[in-house]
Amino acid sequence: MPNEKNLLRRWLNGQVDWSAMLEQQQTEPPKAAAPYEPHWDAADARRAVRRGQWAYTTLAVASCLLLALFLLLTVANLPPYGSDSAPTVNEVAQRYVEKGTEETGAVNTVAGLILDYRAFDTLGESFVLFTAMCAVTMLMNAPGRRRVRKLDQDIVDYYQDPIIRTVCKMVIPIILLFGIYILLNGHLSPGGGFSGGAIMASALIIYALVWGGERAAKAIPAKTVRIIVLCALGFYACSKTYSFFTGSNHLPSIISTGTPGRILSAGLILPLNVSVGFVVCCTMYSFYMYFRRGDV
Amino acid sequence: MSFVQNFPFFSIILCLLCAVVTFVAGDRWGRRLTVALLSVSIVLQGCVLWFCAHNNISYAYMMGHFPAPWGNEIMAGVLEPLMALVFSVVMLLSVLGGMRHIEHDIGDGSRALYWVMVDLTLVSLLALCYTNDIFTGYVFIEICTIASCGILCARESGRTLLASMRYMVFSLVGSGLFFIGVVYLYSVTGQLLFPQLLETVGAVWQNGAYRPAVTIAVGLISTGLAIKSGLFPFHTWLPEAHSQASVASSCILSGVIVKGYAFLLIKIIYRAIGPAVYYATGVQNILLVLGLGGMVICSVSAIRARHLKVMVAYSSAAQIGYIFMGIGMGTQVGMLAAILQVINHALTKSMLFLSAVQLSDASQRHMDFPHLRGAGHRDPAAGILFTAGALSMVGVPLFAGFIPKLYFAQEAFSLGWQRWPVLLALVASTVLNVLYFLYTAVLIWLPQEEGCTCRRIKAHWDEKLPAFVLLALGLAMGIHSAPLTALLRQGFALFSRY
Amino acid sequence: MNGMFSHLIENYQACVAVVLFAIGMCMLLFDKNLLKKVIGLDIMDSGTFLLLADRGYITGRSVPIISDGVTDMAHYINPLPAGLVLTGIVVSVSVSALMLGLTIRIYNKYHTLNMDALYLIMSNRRKGGRI
């Protein structure tokens, strides 16, 4: 209040008459209590939000630091990096490496691990992908959105660009071929259904990106995608049913492991890689098409 | 090996195949397949339960040609098929009771996918009940997360999208903590299957070198599963998610899915880490304190709720506090009481959600209390069901809710420092339950206002019958719970030996 | 204390992985923008996979693909964490796709990506008894 500043200056200059001021205050009648009017304008609101934001940010950063500290304390207690006497280097890893090729037929021990020793986990994982695809289909097919949102043109029409068009015409088959190669060689070298399927899907996505959604939808219709997913997952479930049933009931399995190192070997691993690859390819492609247009 | 021992595996594969077929088959076939699948699952779990209880065995089933610790395994004793049976029964009755609302709330294009999601929820719960491997548990937890989000956001009206977003955020935080706990546990033990984990964790704890790592790993796993179950400070997603879903989905989410995670935690405590090491780490005290907090504070939030379904959802959060209190007590009787509470809540909460929605249908689809006045006169069957559910939640003798509370109170006297907090919280939460549940139960039976144009509505027996079956099961549990308790004791004895 | 610090420096990859996990989780939980939540989820999962892959490595040994018929375990790293990471990556992609689908639907309906604004809209629309 300006009065107080002046009061201080006047008092310092010796110009204040205290007794007169006190008398003045006593004679004033007590004011009636004014009705409470909350004054809250835009500037106040903005200041309040910023203060709340500041508190919220501090809380978030503090909890992040606390969690990081907590987890780092555990890392300090873990076995050292790269040590060969760690608890994880035990009879489990030993059998996977030493007997893996003999028991599963796969040269790539990780492929033998995920598709033979621990095939139930991979079955669950394929179904995680399937579940996500169903959930995204359900979200994107809601009647609130029109079936195919017709935009007059894409933001960027890649088809008009001659460099992109020509390069993609040459490159898409190569990518597809590379994906199929990775898929088929999963049991012999790094690769497998998941990586191969993702590469194949990227070829299809580039096609849809450059040639446009309508042409892609005509070339790869939604019904085909669904049937492929059905057949691939159905094959996976049925073949693994046979494998689990014969395994747990100690019945002999008719599927042989073949000669390690040849492409047609490793028992069920190659067909399972192919079906997993198709599932991954169809799922990734349909994610892209749903996010793009609202329909495959 | 008897043929019946294949049944857990058959039920899992059958669910997966039904889900895939429903994906292309469409809505009508999807509905028939799902109802048939749930019925078949009930029969299969019942057979396994009878087999294991009769022969008093608990067996491991190899999933593949390689035994543990190299291949996957599932394990069935007495507790696992019992919980799977309870979950299947509650899911079947929820789906049948909520069928009209599914037809109404979910659009034609999405209904087939809704049935796929229900099948996948069932398979994830069955796998969580039977799993003998912690990483398989993680994979099926993720299927459960995505499928439950699917059955939540299938409904197209209301604020389901925001509720599902919040639900997914909390669920994924829980899954992330669980996964990193599993990674830590693997780093210090090198094992993933429960029998080997049990031995190795015991040996590591005795050794003493990696004790902090084991403690924090166990804490992270428990916290992750507690967040997904909706334990007290992490329950903020629960009221929105359970009230915004269609009624069958609310029953499944509230009655079955959160219990699946709690049961997985109980399995991990007994089979993977061992009660001795778990109680030595002291994590159960944190769960106890949070459970007690949840029992009281969520009941207070339920009193302040203005909509019926939100109130019922908050009461779910409070009852989940009971389950974690039982886990946190640190004794076997506490765990027994926690599982009794799981069964009680699954049966009663589904009945409450079904009857709450039927009452609101009788009041022109209004969910707030002024409009629900006298709803019991408009729909007497729903009124009876809601009153019975309210009495069960409060813990009146003869109803299912009395049994777990009795065991909790009895067990509390044998605890140490936890005795007075537990007893106080039990009394406080019962009083608060009375305040909001009996208030609502009385409200629906008040005489209707003059000039009210609501008449008695036509009762649809296909809606009422599943809820009455749930009531009958609850009364059976409340009146004659001795066989169930004996079965649970046998199950725990089998849990503790391999 | 000193021993613990030097142990942390030695295990620096695991430290980085764990810090990424913490940052990602707090982004997922606390950030106001829906897209940033999804990015936080990805960072959190990447941290976990880095930690898991880090735990599988053994110094001086090579990729667990049997070459030249040598099946002795002393030549190869532990294959199990690699298999777990494969499964984990697919799970992470699936949940990210679902969250992105939810984000697109929310944006189409409410035209905002800010959680604060969304909660304001939600509490404004909570009128009457109809949910």
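Trainee: To start, what percentage of the contacts in chain A with a separation of 6 or more comes from residues 24 or more positions apart?

Mentor: Before the number, keep in mind that this is a predicted model. The answer is 70%: that is the share of the contacts in chain A, counted from a separation of 6 or more, made by residues 24 or more positions apart. Read from the N terminus, that gives α-α-α-α-α-α-α-α-α-α-α-α. Chain A has 296 residues, and 38% of them count as buried.

Now turn to the side of chain A that touches chain C. The contact takes 46 residues from chain A and 46 residues from chain C. On chain A, the elements giving two or more residues are helix H3 (42–75), helix H4 (91–98), helix H6 (109–117), helix H7 (119–140) and helix H12 (269–293). H7(A) gives the most, with ten residues. By type, the residues on this side of chain A divide into 31 nonpolar, nine polar and six charged.

Chain A also touches chain B, through a contact that takes 50 residues from chain B and 45 residues from chain A. Looking from chain B, at least two residues each come from helix H1 (7–25), strand S1 (59–63), helix H5 (108–130), helix H6 (134–153), H7 and helix H9 (211–229) of chain B. The largest share of that side, eleven residues, belongs to H6(B). The side of chain B that touches chain A divides into 34 nonpolar, 14 polar and two charged residues.

In soluble globular proteins, nonpolar side chains tend to be buried together. Here the largest nonpolar core has 318 residues, and those with the most contacts inside it are A:Ala132, A:Val136, A:Val279, B:Cys15, B:Leu126, B:Val182 and C:Leu98. Helix H7 (residues 160–189) of chain B gives the most to this core, with 20 residues. Leaving out residues up to four places away in sequence, C:Leu98 touches A:Ala132, A:Ala135 and A:Val136 on chain A, and B:Ile146, B:Cys149 and B:Met168 on chain B.

Finally, a few backbone details in chain B. Most residues other than glycine have a negative phi, and most peptide bonds are trans. Against that background, B:Ala68 and B:Pro69 are joined by a cis peptide bond, with omega about 0°. You'll find B:Pro69 in the loop between S1 and strand S2 (72–76) of chain B. B:Asn56 has a positive phi, near 50°, and is found in the loop between helix H2 (27–55) and S1 of chain B. B:Asn56 counts as exposed because it has 11 C-beta neighbours inside 10 Å. B:Arg365 has a positive phi too, near 65°, and is found in the loop between helix H15 (332–362) and helix H16 (369–372) of chain B. With 12 C-beta neighbours inside 10 Å, B:Arg365 counts as exposed.

Technical notes:
Residues numbered from 1 in each chain as written. Chains lettered and ligands numbered in written order. Predicted model: local features only at pLDDT ≥ 70, side-chain atom pairs only at ≥ 80, totals over all residues. Contact = placed C-beta atoms within 7 Å. Helix = DSSP H or I, 4+ residues; strand = E, 2+ residues; numbered from the N terminus. Nonpolar A, V, L, I, M, F, W, Y, C, P; charged D, E, K, R; others polar. Buried ≥ 20, exposed ≤ 12 C-beta atoms within 10 Å, placed from the backbone. Core = buried A, V, L, I, M, F, W, Y, C linked by C-beta atoms within 7 Å.
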